[in-house]
Amino acid sequence: MAIGKLPRVRLGEFPTPMQPLENLSRVLGGPRLFIKRDDLSGLGLGGNKLRKLEFALADARAQGATALLTVGGVQSNHTRLTIAAGNRLGLKTFLLLRGEKPDRASGNLLIDEILGAEEIRFVPGLVQVTREKVSPAIEEAVGAWLEELRGKGERPYYIPNGCAPLHGAIGYAGCVLEMVEQLRDADCTADAVVAACGTSSTQTGLIVGAALFAHGELNVHGISVAGSAADLVHRITGQLRDAWKALDLPSPPPEDRIIVHDAFVGEGYGLPTEGMREAVRLVARAEGIVLDPVYTGKAMAGLIDLIRTGRFRSDAVVVFLHTGGAPGLFAKEHEGTFSSQS
Ligand SMILES: Cc1ncc(COP(=O)(O)O)c(C=O)c1O
């Protein structure tokens, strides 16, 4: 089916802005840089999940859902935006969060509380934050909660961590169409797009969009925030296969066209690195744009390294995708991450 014909509800402010990063380009002596501001997608403080939720919630509506149940980490951007989207459409939201309930909410969890989910349950140590699949234990907890909600007369719709890969893929293919049109207005075409890679459906969607709207000539560089490149390439290959089938397209790109860099994760998901600190400060000071410590800070550290190691021609056009996440800066876990000057 054609992407434009798939059922979608409007949640975000699209197209999001495309802005030149002339100062950053000059400081890095690099290619022509742009930033695609999906952090400014609007609802619930914005972020990449809104493009995916527009398709997930259309499906929920088609199924007559009265409530949404989703899972994520305590500092999940995805759960924050799921509550905001549910509020917009008049659906109750139920969250199963991995981790201990903190004494006082901060960052995304604080916004979750302000947005007012119907109920938040904490399950210590179960969701793998960067995977749409969850452990068998959490799967069981989800199944039991769905049953409980049905018993109370709700029609709950389950949204996996970070949304179903197909919804991500479709949502982000549309983002590429916006980029192509916006860059045409700036009289150029992009050679590469660089984005954070977590559950990877954003990257999958960018690859679908590159094939559909950029003649496959746009290289998509995913910067891993957690997994190994080999695992992510394997996962993206499967997601691409499913998306290609759903959209009735001929053969998907071969695995060796999928580019994931895993050198910027540091000690693990959400843990600060020096490269991330440098990247967040550099972009803030050169351009006045604020990144986040978990996703876009590490993705920008990756882009800076790719530029410094000569991966792009000096006349190349490179788009950095700002996927949001700034509430994470105010999480208790990141108190002190930027407190020392360097
Ligand atoms: C702010 C932010 N950026 C990037 C990502 C990564 O997107 P994806 O899970 O589609 O790889 C996420 C979520 O995982 C996110 O919350």
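How many of the 6 residues of E7 are buried? Strand E7 is mostly covered, with 6 of its 6 residues buried; a residue is buried if 20 or more other C-beta atoms lie within 10 Å of its own, exposed if 12 or fewer, and partly exposed in between, with C-beta atoms placed from the backbone. The model shown in these views is predicted: local features need pLDDT of at least 70, side-chain atom pairs count only at pLDDT 80 or more, and totals for chains, interfaces and linings use all residues. Residues are numbered from 1 along each chain as its sequence is written.

**View 1. The open sheet of 6 strands.** The order is E1-E2-E10-E7-E8-E9, and the pairing is mixed. From one strand to the next the twist averages 25°. Helices (H or I, at least four residues) and strands (E, at least two) are DSSP runs, numbered from the N terminus. Two strands pair if DSSP finds at least two bridges between them. In general, strands of a sheet pair through backbone hydrogen bonds, either parallel or antiparallel.

View 2. E1 and E2 run antiparallel and are joined by 3 bridges; Met-18 stands opposite Lys-36 in E2. Strand E2 (residues 32-37) pairs with strand E10 (residues 317-322) in the parallel sense over 6 bridges. Between these two strands, Ile-35 has Phe-320 in E10 as its bridge partner, and Arg-37 stands opposite His-322 in E10. E7 and E8 run parallel and are joined by 6 bridges, with Ala-196 opposite Ile-223 in E8.

View 3. Helix H8 (residues 229-246) lies across strand E7 (192-197), strand E8 (219-224) and E9. H8 runs at about 150° to E9. Axes are lines fitted to C-alpha atoms, for helices over the stretch in contact, and angles run from 0 to 180 degrees between N-to-C directions. Two residues are in contact if their C-beta atoms, placed from the backbone, lie within 7 Å.

**View 4. The shell around the ligand.** There are 18 residues around the ligand, of which Gly-198, Thr-202, Tyr-295, Thr-323 and Gly-325 come nearest. Helix H3 (77-89), E7 and helix H7 (201-213) are the elements that give two or more residues to this shell. A residue is near a molecule or strand if its C-beta atom, placed from the backbone, lies within 6 Å of it. By class, the shell has 3 nonpolar, 14 polar and 1 charged residues. Here Ala, Val, Leu, Ile, Met, Phe, Trp, Tyr, Cys and Pro count as nonpolar, Asp, Glu, Lys and Arg as charged, and the others, Gly among them, as polar.

**View 5. The open sheet of 4 strands.** The strands follow the order E5-E4-E3-E6, with parallel pairing. Strand E5 (119-123) and strand E6 (156-159) are at the edges with a single partner strand each, so one side of each is left without a neighbour in the sheet. The twist here averages 20° from one strand to the next. Strand E4 (residues 92-98) runs parallel to E5, and 5 bridges join them; Phe-94 stands opposite Glu-119 in E5.

View 6. H5 is hardly covered, as the count of buried residues among its 16 residues is 1. Gly-153, which follows H5, has a positive phi, near 90°.

View 7. Phe-14 and Pro-15 are joined by a cis peptide bond with omega about 0°; Pro-15 lies in the segment before E1. Cys-163, in the loop between E6 and helix H6 (165-185), is a residue other than glycine with a positive phi, near 80°. Cys-163 counts as buried because it has 28 C-beta neighbours inside 10 Å. Asp-187, in the loop between H6 and E7, is not a glycine either, and its phi is positive at about 60°. Asp-187 is exposed, with 6 other C-beta atoms within 10 Å.
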